[in-house]
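Hello,

I am handing over the structure we talked about. Please open it first, then read my notes below.

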Amino acid sequence: MRVIECNGLTKVYGRAKALNNLSFTIEENKITGLIGRNGAGKSTLLKIIAGFLRETSGEIKVFSEKPFNNLMVSANVIYIDDQMNFPTALTLKEILNVCPTFYEKWNHELAGRLFDYFSFQSAHYYNDLSKGMKSTFNMIVGLCARCALTMFDEPTTGMDAAVRKDFYRALLKDYISYPRTILLSSHHLNEVEDLLEDILLLKGGREYLHMPIGELKEWAIGIQGLTGKINEWAENKEVIYTKNIGLDRTYAVVRNTLSDTEAQQAKTSGLSLTPVSSSDVCVYLTSKTKGGIDDVFSED
Amino acid sequence: MSLVKTSMLDIVINLYKYKLKAYKQVFMSLIFIQLLAVLFSFNGVGMMGSSTESIEIDVQFYSADLVITFTILWAFITAILITTSAYKNDDFAFVTNRLSSNLSNMVFLLTASIVGGITAMLSTSLMKIIMYLFGGHGHIAANLSLSEVVLGYSSTILYILLFSGLGYFIGTLVQVSRIFVAVIPGIFIGAGILGAGSRGFEWVKSIYQFIFTEPSILLFVLKVLVIVGLLFTGSIALSNRMEVR
Amino acid sequence: MILNMDGSQPIYLQIAEWLEREILNGNFGSDQKIYSQYQLAELFTINPATAAKGLTILAEENILYKKRGLGMFVSPTAKEIIINKRKNQTLKKLVLEIALEAERLDVSKEELIQMINDVNTGEAGE
């Protein structure tokens, strides 16, 4: 079953297009990573899916229904971000006790155990928590709600490394025991990529790549050698990044369409091939120029 | 994948129950404001004295009108407050849509009006007791029939509800566009100044008369309920397409 | 074991290789049930689909076989297949790398063979 279907989705703020003719579908019970630079439209997309924002044009369906102002969608979707709002008058424990009245599948026992594990105090108030602790509390709510569609927007903001690790593991464990569709947006692809099944890469409000994460790792290949040779070799290939190393050598990243023999030929002709990590591929694909920040500093 | 099915009624009831807990500071401020009003009222709202050569008559009027006025003000501000995005977003941390959020707010405001009305009237009794115990003035005129009591309570509640409805509508307007932050006070003050003398602003007076000088209690109830209904419906219509968070 | 997360090799391949090592080391005998995709996912904090892909690769190579509803089992010829595969693919690739590097460094064939011999005798001497 398709959990999210969107077709030509566009969202305009004033004159800027936050989402620009975006089309993709998300299948049931997959963990999909939503990756993109700041301002790529990740949060806007998630908020439209959650029914908070209204699309300007195009079509969006969540559980086959339009999400905006939809009670069924709201009951089956939870959206967690670092601007979560919880009532200031309730203590942390009271907030957790409110949750099961709204979320039918709420796992109260798990919530309690996570609450204790991360050493929250029942009588504390949400607004008094540090940024990282807020994120951790949000994460508990997001996990324990067990919504059919669970969305985390930069969930690890402010968390320290240990808590981040705990979060990823908790997410995975609860996903295994209770499979659901999860959308996870993050700047740290290298941290989350092992958890993901699919990746959805946004650039400028458009879908740039949507594929299993395993394929992303083989999507591009790095090649290094003498500049002249690289230029000759890469002539009819899709180059996504280049960088000069020393005086006469170049490192280039090209789309990996090489056959084994081609790779072998490259190797024997003195070029070295290296795999490119998923997060590097994403950085290269989403940067505006092929040289990255170096282009800013180059004179010509 | 099994999807949770919901009904509007369940959600509204859930939100309402949650708001009774989450908005408890609203009731705290009610207590504070009413106590303050009671305190002010002991100054007396009026005084009348006459004296002949041998007798001096000194009449002091005490009334809980101030408590009711303060409570109305409280209801008005509370209603505006819960339309602000901080409160609205609290709802959207959980399960809701705009309609259920609005409906639960309205039930909450109704509850608040009833509580505010009853406590405001009770503070009248409180004042009488205090006057009786500590005032040292002989006679307290306070004999009311049951029907008068019911009438007093219900009309107080309705006044409070009316102003909470007005506050809710104004708050929603402001949420729709910030322009109303300037426009609404402008209208009120302008109407107040101009309406006092000029004939062009007769309508302000007629609105006032339409609501507040209705001699028939049934008609009064009907009028208030219709107006409150219109204000709430207007608020729902205005906010139903609004984006949140 | 901690997976190599630097992105040099897809996780599912690392999983497959890890399982191969487990079989070679004798931690799993023939016809013994091997980890499920969910156990692997938990073990390495990876997506179950990725773990499944690792298992599928081994099943395609007949190192594992599937029993419907029961899971994956180590095939009787698993060790043999793994050893053959490693000889023909992994070792060949490594040798190619060595040969290329030797060429770049102007190391002669004889020298290279001598080096390999040294390594072997060094090991035997311990």
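In these notes, contact means heavy atoms within 4.5 Å. With that in hand, start with chain A: among its contacts between residues at least 6 apart in sequence, 66% join residues at least 24 apart. Please keep in mind that this is a predicted model.

Chain A

Chain A has 300 residues, and 56% of them are buried. Its secondary structure comes to 12 helices and 13 strands. Along the principal axes, the C-alpha atoms of chain A fill a box of roughly 65 × 40 × 40 Å. The accessible surface of chain A is about 12900 Å². Carbon and sulfur atoms hold 47% of that surface.

Chain B

Chain B has 245 residues, with 39% of them buried. It has 9 helices and 2 strands. Chain B exposes about 13500 Å². Here carbon and sulfur atoms supply 72% of the area. For contacts in chain B between residues at least 6 apart in sequence, 76% join residues at least 24 apart.

Where the chains meet

Two pairs of chains touch, and the pair with the most contacts is A and B. Chains B and C do not touch. Their nearest C-alpha atoms are 17 Å apart.

Now the interface of A and B. On it, 34 residues of chain B are in contact with 37 residues of chain A. Together the two chains bury about 3300 Å², and 57% of this is on carbon and sulfur atoms. The interface has 2 salt bridges. In one salt bridge, the side chains of K24(B) and E94(A) meet at 3.6 Å, N to O.

Which elements of chain B give two or more residues to the side that touches chain A? They are α1 (8–22), α2 (24–41), α4 (85–92) and α5 (98–135) of chain B. The most comes from α1(B), with 7 residues. By class, this side of chain B has 16 nonpolar, 10 polar and 8 charged residues.

Salt bridges within chains

Over all chains, the whole structure has 21 salt bridges. Three of them are worth a look on screen.

Take D174(A) and R180(A) to begin with. Their side chains meet in a salt bridge at 2.3 Å, N to O. Both D174(A) and R180(A) are buried.

Next, K237(A) forms a salt bridge with E262(A), at 3.7 Å, N to O. K237(A) lies in the loop between α9 (227–233) and β11 (239–245) of chain A, and E262(A) lies in helix α10 (residues 260–268), so the pair ties together parts that are 25 residues apart in sequence. K237(A) counts as buried because its relative accessibility is 17%, and buried means under 20%. E262(A), at 29%, counts as partly exposed.

Then go to chain C. E20(C) forms a salt bridge with R86(C), and the closest N and O atoms are 2.9 Å apart. E20(C) is in helix α1 (residues 11–24) of chain C and R86(C) in helix α4 (residues 78–104), so the pair ties together parts that are 66 residues apart in sequence. E20(C) counts as buried, at 2% relative accessibility. R86(C) counts as partly exposed, at 23%. Salt bridges that share partners join E20(C), E61(C), K85(C) and R86(C) into one network.

Best wishes

Key
Residues numbered from 1 in each chain as written. Chains lettered and ligands numbered in written order. Predicted model: local features only at pLDDT ≥ 70, side-chain atom pairs only at ≥ 80, totals over all residues. Heavy atoms only, no water. Buried area = accessible area lost by both parts, 1.4 Å probe. Salt bridge = Lys/Arg side-chain N within 4 Å of Asp/Glu carboxyl O. Helix = DSSP H or I, 4+ residues; strand = E, 2+ residues; numbered from the N terminus. Nonpolar A, V, L, I, M, F, W, Y, C, P; charged D, E, K, R; others polar. Buried < 20%, exposed > 50% of the residue type's maximum accessible area, 1.4 Å probe, protein only. Areas by Shrake-Rupley, 256 points an atom, 1.4 Å probe, with all protein chains shown as cover.
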